[in-house]
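Please look over the structure below.

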Amino acid sequence: MSDPTPEPKPAPEAKKASNLRQLVDFSGLLAFGLAFLFFRLRGLEGDAALVNATWFLVAGSAVGVAVGLIVEKRLALMPLLVGGFALVFGLLTLLTGDGLWVKVKVSVLNASLAIALLGGLAMGKQPLRALLGTVIPINDRAWRTLTFRYGLFFLSVAIVNELVRSEALVGWAATRMGRGDVDPADVWVSFRGVLWIASSVFGLSQIPLIMRNLISTDAPVDPMAPAEPDRAP
């Protein structure tokens with residue numbers, strides 16, 4: 001009588017790729033923020049420092065797309081969209097010397113994602129599953145819930161970014177708080193750091209929903225896979 005064949009252990013590639021992508025995203029944002037701080041300390045005005053720091057945004061976005069292609073051996077739609085938007089708007093910032101482009105990128109990308117997710121959900125589709133490019137073994141009800149939550153999250157990010165990037169609104173708020181010397185560019189770059197943290201917390205908050213709705217499968221499960229909103233700089 002032969003011994004039963006042991007079940008194969010789940011491959012860790014998906015988790016490693018997810019961790020590597022998160023590391024690349026964080027490193028890119030950190031380099032962007034540090035470069036901005038460096039140029040500000042050198043005496044550049046906020047907008048000028050923002051434009052110069054955008055070189056790190058472009059480089060980080062290019063690395064992120066390359067990581068997805070080399071490590072994951074495919075160009076998943078969500079990372080490709082995030083990286084593509086960052087590259088296009090980053091290059092526009094460098095070519096025009098206007099930091100408005102890199103600020104608007106956050107609003108355009110997140111508004112586009114919100115429309116795609118909420119619009120697809122209204123048509124009975126599951127666009128989030130296609131955007132992630134990662135198989136998460138959960139039932140259809142959980143996919144619909146995740147899609148709705150992420151749609152609202154992206155919409156909220158777009159709205160808040162429009163408020164924070166408004167120099168008139170930031171100037172008015174700073175004056176009301178007795179801080180009329182605040183540079184709007186400093187406020188926006190700080191907001192990008194807060195947004196990265198908020199995106200990570202939001203992604204982690206979805207793990208209980210995923211774990212409650214797992215379905216049987218032999219594929220490796222990466223509960224962090226949906227935690228991929230726009231976190232690149």
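## Helix α4

α4 covers residues 100–122. At 1.5 Å a residue, its 23 residues should span 33 Å, and the end C-alpha atoms are 33 Å apart, so the two agree.

## Overall make-up

The protein chain has nine helices and zero strands. Its elements therefore read α-α-α-α-α-α-α-α-α from the N terminus on. Of its 233 residues, 42% count as buried.

Take the contacts between residues at least 6 apart in sequence: 74% of them join residues at least 24 apart. Leu 30 sits in helix α1, residues 13–41. Leu 30 and Phe 56 are 26 residues apart in sequence, with 9.4 Å between their C-alpha atoms. Leu 30 has a relative accessible area of 41%, so it counts as partly exposed, between the 20% and 50% cut-offs.

## Helix α8

Helix α8 runs over residues 184–205. Its 22 residues should span 32 Å at 1.5 Å a residue; the end C-alpha atoms are 31 Å apart, which agrees. Asp 183 caps the N-terminal end of α8. A side-chain oxygen of Asp 183 lies 2.9 Å from the backbone nitrogen of Ala 185.

The buried residues of α8 include Pro 184, Ala 185, Trp 188, Val 189, Phe 191 and Arg 192. Leu 195, Trp 196, Ser 199, Ser 200, Phe 202 and Gly 203 are also buried.

## α6 against α8

How do the axes of α6 and α8 cross? They come within 11 Å and cross at roughly 170°. Angles over 145 degrees count as roughly antiparallel, so α6 and α8 are roughly antiparallel to each other.

Helix α6 covers residues 140–165. On its side, the residues that meet α8 are Arg 149, Tyr 150, Phe 153, Val 157, Val 160, Asn 161, Val 164 and Arg 165. On the α8 side are Val 187, Trp 188, Phe 191, Leu 195, Ala 198, Ser 199, Phe 202 and Gly 203. Among these, Trp 188, Phe 191 and Leu 195 are buried.

## Confidence

The protein chain averages a pLDDT of 80, and 77% of the residues score at least 70. Over residues 1–11, pLDDT stays under 50. The model has two contacts beyond four places in sequence for residues 1–11. Where pLDDT is low, predicted coordinates should not be read in detail.

Notes: Residues numbered from 1 in each chain as written. Heavy atoms only, no water. Helix = DSSP H or I, 4+ residues; strand = E, 2+ residues; numbered from the N terminus. Expected span 1.5 Å × (residues − 1). Buried < 20%, exposed > 50% of the residue type's maximum accessible area, 1.4 Å probe, protein only. Polar contact = N/O pair within 3.5 Å; in protein donor to acceptor, adjacent residues only side chain to side chain. pLDDT = per-residue confidence, 0-100. Contact = heavy atoms within 4.5 Å. Axes fitted to C-alpha atoms, helices over the stretch in contact; angles between N-to-C directions. Parallel < 35°, antiparallel > 145°, perpendicular 65-115°, else oblique.
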